[in-house]
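Let's take a walk through this model together. Keep the sequence open beside the 3D view as you read.

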Amino acid sequence: MATRIRPSSKRCTVIGGSGFLGRHLVERLVDRGYTVNVFDIRQAYELPGVTFYQGDLCDKLALVMALKEVSIVFHCASPAPGSDDGALFQRVNIDGTRTVIQACHEAGVQKLILTSSASVVFEGTDIKNGKEDLPYAKKPIDYYTETKIKQEKLVLEACSKEKGFLTVAIRPHGIFGPRDPQLVPILVDTARRGKMKFIIGDGSNLVDFTYVENVVHGHILAAEHLKADSPLCGQAYHITNDEPVRFWDFMSQILVGLGYSAPRYHLPYALVYGIALLLWFISLILRPLIQFKPTFSPMRVALAGTHHYYSCARAKQDMGYRPLVPLQEAVVRTVESYPHLRNGE
Ligand SMILES: NC(=O)C1=CN([C@@H]2O[C@H](COP(=O)(O)OP(=O)(O)OC[C@H]3O[C@@H](n4cnc5c(N)ncnc54)[C@H](O)[C@@H]3O)[C@@H](O)[C@H]2O)C=CC1
Ligand SMILES: CC(C)=CCC[C@@H](C)[C@H]1CC[C@H]2C3=C(CC[C@]12C)[C@@]1(C)CCC(=O)C[C@@H]1CC3
């Protein structure tokens, strides 16, 4: 008679493990003695103790192979937020997440930890110390946010103590750190093109930026505290640095750290938002003829000009979360990790 091998509680799969957050998570899990599989459409690195499975998460058969004998799955794969390919977001974030849940059932996985996003409640207007019980955005600002909302709902609704399948969603905000392909590279690119001279609004808007190691810490705590009798089952948790900072002070610190000038001149928020909307509309009309992507999309202007910071009291209470790396230390480590992006390099 065939015996089913009981999955070890320290055996896990990271879907999206080749990405920025995924790779940091894999490295930390290995340090903590986990045996790790990575499932991703691309293999970006090699690491002792890590087995790579290359495939699309919409392909259930391929996915099940990477989930065999695994008790925990971290799902942190997503198309890049900057893309405006609605069909891709639908296929990967919604249809693909359904496939992930089915594959977990078929492989006998016990816990699924989703990387969601605090942006699931963001509609482009101020959020101050937002708690997890804020309603999902009714008018999400882009396809990314719209599909992250549906993805989170799918994962949380799949939580079933009866079936022995437990789920939780982590909602980070503004992740940054070494190897991030978004925040610092976009910032430096904008500065190099001479477009980082202006502050949108009065510059006093507070935002959460979260160091990648703190986000990883939140994921691992969630996995280790997720039990049938714990409050984590089927819940969402904000994970931030718990130190809201002025958006423009944070950007300036990184720019100055890399040898660029900080923005100085103020522009009214409504004016810049209006121009961004107009450019977006023009790019939509001209799309059949020419394709161009304005630097100042309405979404980016909203992110740069409004308050959006979140309370992580629930994560502190339910899983003992505390950020491991304070913001100032995180900025120094990040700046040092991008020598090739310094002014003049
Ligand atoms: N970077 C940020 O500031 C924030 C990110 N998040 C979430 O964190 C997660 C990770 O984000 P990052 O590491 O920044 O992104 P990333 O783009 O660096 O990593 C995503 C990974 O997913 C993989 N992937 C994409 N489509 C796939 C598919 N069909 N099948 C298999 N793998 C696929 C990519 O190859 C990539 O390695 C995402 O779910 C994102 O929504 C949430 C809040 C903020
Ligand atoms: C807080 C948060 C959710 C950050 C996520 C990362 C990106 C959305 C930002 C990283 C660099 C930012 C940036 C701008 C908008 C938001 C980012 C892309 C601007 C384009 C806003 C308008 C400007 O004046 C230039 C900015 C460059 C950097």
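We'll start with the overall fold, then look at a helix pair and a ligand site.

Some ground rules: this is a predicted model, where local features need pLDDT of at least 70, side-chain atom pairs count only at pLDDT 80 or more, and totals for chains, interfaces and linings use all residues. Residues are numbered from 1 along each chain as its sequence is written, chains are lettered from A and ligands numbered from 1 in the order in which they are written, and side-chain values use heavy atoms, leaving out hydrogens and water.

The chain holds 11 helices and 15 strands (DSSP runs numbered from the N terminus: H or I of at least four residues, E of at least two). Its C-alpha trace spans about 75 × 45 × 40 Å along the principal axes.

Now find helix H3 (residues 86-107) and helix H4 (residues 143-157): their axes come within 9 Å and cross at roughly 10°. Axes here are lines fitted to C-alpha atoms over the stretch in contact, with angles running from 0 to 180 degrees between N-to-C directions. H3 and H4 are therefore roughly parallel (angles under 35 degrees). On the H3 side, the contact (heavy atoms within 4.5 Å) includes Phe 89 and Ile 94, while H4 brings residues including Tyr 144 and Leu 154.

Which residues come nearest to ligand 2? Of the 16 around it, they are Met 196, Val 207, Trp 248, Phe 296 and Leu 303. Helix H5 (183-192) and helix H9 (298-305) each give at least two residues to the shell around ligand 2.

Technical notes:
Near = heavy atom within 4 Å. Parallel < 35°, antiparallel > 145°, perpendicular 65-115°, else oblique.
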